[in-house]
Amino acid sequence: MASPTSATNGHALPETKAPSNNGASSARHATIGDIAKLLNAELVGDAQTLITSFSSLDNTIPGSISFIENERLLKTALASSAAAFIAPANIAAKMRRAQRTNGKPAVLTGNPRLAFAKVMEFLQPTTMPEPGIHPSAVVSPDAHIGEGVTISGFCYVGHHAHIGDGTVLYPHVVIGDGAQVGDNCVLYPSVVINHHVSIHNRVSIHSGTVLGGDGFGYVMDGGKHHKVPQLGTVIIEDDVEIGANVCIDRATMGATRVGAGTKIDNLVQVAHNVQIGRNVILCGQVGLSGSVVVEDDAVLAGQVGARDHVKIGKGAVVGAQSGVISRIKAGDFVLGSPAVSHREFLKTQAAGRKLPEAVRTLRSLERQIQELQKQVAELIGSSESK
């Protein structure tokens, strides 16, 4: 077998310098008029106001743009040191009146938070490393490397692996034999993609994440745990983002799947054969046991745990630290461990706060009963003596 080299389809690629910017950002300046055009939104105020940065409303700086999501924060925004801000379109009339007295320009839009995110990206765009293969990277001769790919220092790309056009591998990324990585993906330092895992297009995976490790499957026999072979794979669909130190295990058979547009926070465990739908949100420290099904648009808050084989329905919301042990219907909002409906959980919590008082009442009643029993016994004894 030929030794792995920095090559593509058996042909050597020219060596390039190590990426120098490594994802650093360079700031832009723009007028508020330019920003309004970028957002295709209405502008109130002086279009020539210069915007040099962005800031949160509780920490504004001169020259920055900030945002508010409701009328309640308008007074704070007008009094802040920000040069301009983004506001909801439904307070346009108040903004025009405020502009006449305050002079601070504003961009009006239906979704200020989304608009602010776009402005952040515009003012401080992230730049990627220059394409090429670093001399210290190890790339198997039979791997396919697309156009404009960046393979940084100390990466490994295995036999018959596929790296799509425009994809960036930061240092110490491992791509196993036969693994497929689509176009315009970004894999941050120390990501491991094990053999025959499939990643579609425009996927971002943050540092320390492992995709395609063995599922946790054992059979007890003769007092010992015997490993069940984990021969399936992992499929990550388009536009997924996976946080740092996430583990998504390969299936025993078939595939563990993460649907398009899903976003996974740091420190999440997804076990073998789990099926996650489209546009799902998994917050930090979620743990999904084997063969769990999470349908489209569901949200699992921090530290949610789900037992094996349960289904969480489309659009369901599971509150933080909940334990899911049975099916959650589509659209339900559940809390607690075991997870119950939001309304039932609140009733339980309210009742729980009354427990100390209930205990005091119970002890008082016990003393009264004991006293009554004593009095009854005395009456019976007195009656029998007569």
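Reader: Where is the place of Gln 321?

Author: Gln 321 sits in the loop between strand 39 (317–318) and strand 40 (323–324). Strands here are DSSP runs of E, at least two residues long, numbered from the N terminus. A word on the ground rules: this is a predicted model, where local features need pLDDT of at least 70, side-chain atom pairs count only at pLDDT 80 or more, and totals for chains, interfaces and linings use all residues. Residues are numbered from 1 along each chain as its sequence is written, and side-chain values use heavy atoms, with hydrogens and water left out.

Reader: Why does Gln 321 count as exposed?

Author: Exposed means over 50% relative accessible area, buried means under 20%, and partly exposed is in between (1.4 Å probe, protein chains only). Gln 321 comes out at 57%, so it counts as exposed.

Reader: What makes the pairing of Gln 321 with the side chain of Gln 303 a polar contact?

Author: The term needs a pair of N or O atoms within 3.5 Å; within protein, one must be able to donate a hydrogen and the other to accept it, and residues adjacent in sequence count only if both atoms are side-chain atoms. The two side chains, of Gln 321 and Gln 303, meet that at 2.6 Å. Gln 321 also touches Gly 302, Val 304 and Ser 337, not counting residues up to four places away in sequence. Touching, or contact, means heavy atoms within 4.5 Å.

Reader: And Thr 49, why is that one called buried?

Author: Its relative accessibility is 17%, so Thr 49 counts as buried. Thr 49 lies in the loop between strand 4 (42–44) and strand 5 (50–51). Its side chain reaches the backbone oxygen of Asp 46 at 3.1 Å. Leaving aside neighbours within four places in sequence, Thr 49 is in contact with Ala 30, Thr 31, Ile 32, Ala 83 and Pro 105.

Reader: How do you know that strand 26 and strand 29 pair?

Author: Pairing takes at least two bridges found by DSSP. Four bridges join strand 26 (residues 233–236) to strand 29 (residues 255–258), and the two run parallel. Ile 236 stands opposite Val 258 there. Strand 29 is also joined to strand 32 (residues 275–276), in parallel, by two bridges, with Arg 257 opposite Gln 275.

Reader: Which residues have the most contacts inside the largest nonpolar core?

Author: Ile 175 and Leu 288, in a core of 56 residues. Such a core is a set of buried Ala, Val, Leu, Ile, Met, Phe, Trp, Tyr and Cys residues joined through side-chain atoms within 4.5 Å.
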